[in-house]
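Open the model in your viewer and keep the sequence panel beside it. We will go from stop to stop, selecting a few residues each time.

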Amino acid sequence: NIMGDPCDGDSAENVNQERNAADYIIVCIGEENYTEKPGDIRDLSIARGQIEFVQSLKASSNAKIIAVYFGGRPRLLGDIVQNADSILIAFLPGPDGGKAAIDLIAGDYNPAGRLPITYPKYQDGGGVPYWHSVSDLCTSTGNPHEPLPHWAYTQCEIEWPFGHGLSYTTFAYSNLKVSSNTVHHGLPWDKKGDDITVSVDVENTGKIAGSDAVMFFIFEKSRHVTPEYKRLLSFERRKLAPGKKETVTMTLTSQNLRHVGPNDDKHDILQIKQKFRIGVGSATDCRNRSNENGLCTEELSLELAGKGSYSPVCEIACLLLSEKKCLSERKISASDCYSMCQSSSSPMRTDGSGWGWNYLNCIEPILQDTLRQDGRECYEVDTLCRSVLRPELGEDTNIDQSGDTANIDQSGGTGSRYTTIIVSMFAGVIGTLIMLYPFYKHVFQSCIPNSEAKEIEFTPVGQDEDEFHIT
């Protein structure tokens, strides 16, 4: 029963007799049927009656207790974990889920599933998800005999880690190797990057055949933004006979090290000189020396292939301009574009971001718009954003809007550029004088006395001709 009450038609006496005679007891726990909004809950704890029911089975029987959980979310199992000899997390297996569970329990099929989530232990959800921030910690009571405060930071407790799963056989990992301690990132147009390979031997140390998912995780030491505690890089499933050993290999490229940078949340960038380690297995923790299990590499690093410095905004901008042929129209290579961008200086940008992230955010909607079919993207980049390429040509460049594409007219040279500047300044001065003239006429002229003004006369207004007139 879903609430842990005795099943209808079974007396307590019959239930006690059956449990005492059993070698194994399969108890199904979980949730009632629900769908969408009616299934909303505020407490992940499983029904208390189910916990008490499993406790009573454990206390009154010597049988092995197998708990099977059916539910669409990770309900907190509480003391069931301690009282059950094994737990099968079935989630929502569908109408034939019962038969599948029996096949697994009976040994007709060797379990090989791995948890796709981090299974929580407490209501606060500490430690979930597995790729939480490295600074996301919990507190413990600490040692009350030490000076205040009596608490300490510690890793959050969880029920089972991401990727956890048992089998009727066992697997052992050994001989972890890396081809190099450095990953070299090559700019897309140079293709000079060097990848590294990570390999590990996996062996079936049990007595029956089984399947194992070999998982490779990355533990990044530091980044411009706070790194995740760990990230899954790759996994590969191998089915092995008893005593069989195979080598599993993964290739690590610089693209595996891209992450959201500090400038915005739209671009994945690289951090040259970044340090990291690779660990194998869901239980391996390369941030904790006591839990490495000999399955963590030494410290690895990311470097730039070739000479020079690295600018993510210049790499992304020049790659995009090259793909849309904005560089070929100006007879500029992607490598020259990258150099131009890096040499660009501005008092507003001291972080080596070249033309700046604002420029990149301006050109991307134009060049990545798939609905544009007129071939005028490069012209619109120059007019709506900044024309960052023309000054580097060493000549004055005029864009001709006629035709399907933007044409470059390099006639005029440096002298034409200076003429344009002088004409613009002269036009600005004339415009300023025109705007100031009405103000000058209204204010300044009213303050100047008129020396030619006539003598003031006063003439009283009256009806009789004999009235006295003052002159």
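Predicted model: local features only at pLDDT ≥ 70, side-chain atom pairs only at ≥ 80, totals over all residues.

Residues are numbered from 1 along each chain as its sequence is written, and side-chain values use heavy atoms, with hydrogens and water left out.

**Stop 1: a cis peptide bond**

Select V128 and P129. The peptide bond from V128 to P129 is cis, and its omega is near -5°. You will find P129 in the loop between β4 (119-120) and β5 (138-140). For background, most peptide bonds are trans, and most residues other than glycine have a negative phi.

**Stop 2: two positive phi values**

Now pick F91, which sits in strand β3. Its phi is near 50°, a positive value in a residue other than glycine. Then move to N175 in strand β8 (residues 171-178), where phi is near 60°, again positive in a residue other than glycine. Is N175 buried, partly exposed or exposed? N175 counts as partly exposed because its relative accessible area is 40%. The classes are buried for under 20% relative accessible area, exposed for over 50%, and partly exposed in between, using a 1.4 Å probe and protein chains only.

**Stop 3: the largest pocket**

Which of them gives the largest share? It is β3, with 6 residues. By type, the lining has 22 nonpolar, 6 polar and 3 charged residues. In this count Ala, Val, Leu, Ile, Met, Phe, Trp, Tyr, Cys and Pro are nonpolar, Asp, Glu, Lys and Arg are charged, and the others, Gly among them, are polar.

**Stop 4: salt bridges**

Side chains of opposite charge can pair when their charged atoms come close. A salt bridge here is a side-chain nitrogen of Lys or Arg within 4 Å of a carboxyl oxygen of Asp or Glu, and the structure holds 19 of them.

E31 bridges to R73 with the closest N and O atoms 2.6 Å apart. This pair links distant parts of the chain, 42 residues apart: E31 is in the loop between β1 (24-30) and α2 (48-60), and R73 is in the loop between β2 and α3 (80-83). Both E31 and R73 are buried. E31 also meets R75 in a salt bridge, at 2.6 Å from N to O. R75 counts as buried because its relative accessibility is 11%.

Now go to E299 and K221, whose side chains meet in a salt bridge at 3.3 Å, N to O. They are 78 residues apart, with E299 in the loop between β16 (275-280) and β17 (300-304) and K221 in the loop between β11 (210-220) and β12 (231-240). E299 is partly exposed at 40% relative accessibility, whereas K221 is exposed at 55%.

**Stop 5: two helices**

Select helix α8 (residues 377-384), which is mostly covered, with 6 of its 8 residues buried. Those buried residues are E377, C378, Y379, E380, V381 and D382.

Finish on helix α9 (residues 413-443), which contains L433. L433 counts as exposed because its relative accessibility is 52%.

Notes
Helix = DSSP H or I, 4+ residues; strand = E, 2+ residues; numbered from the N terminus.
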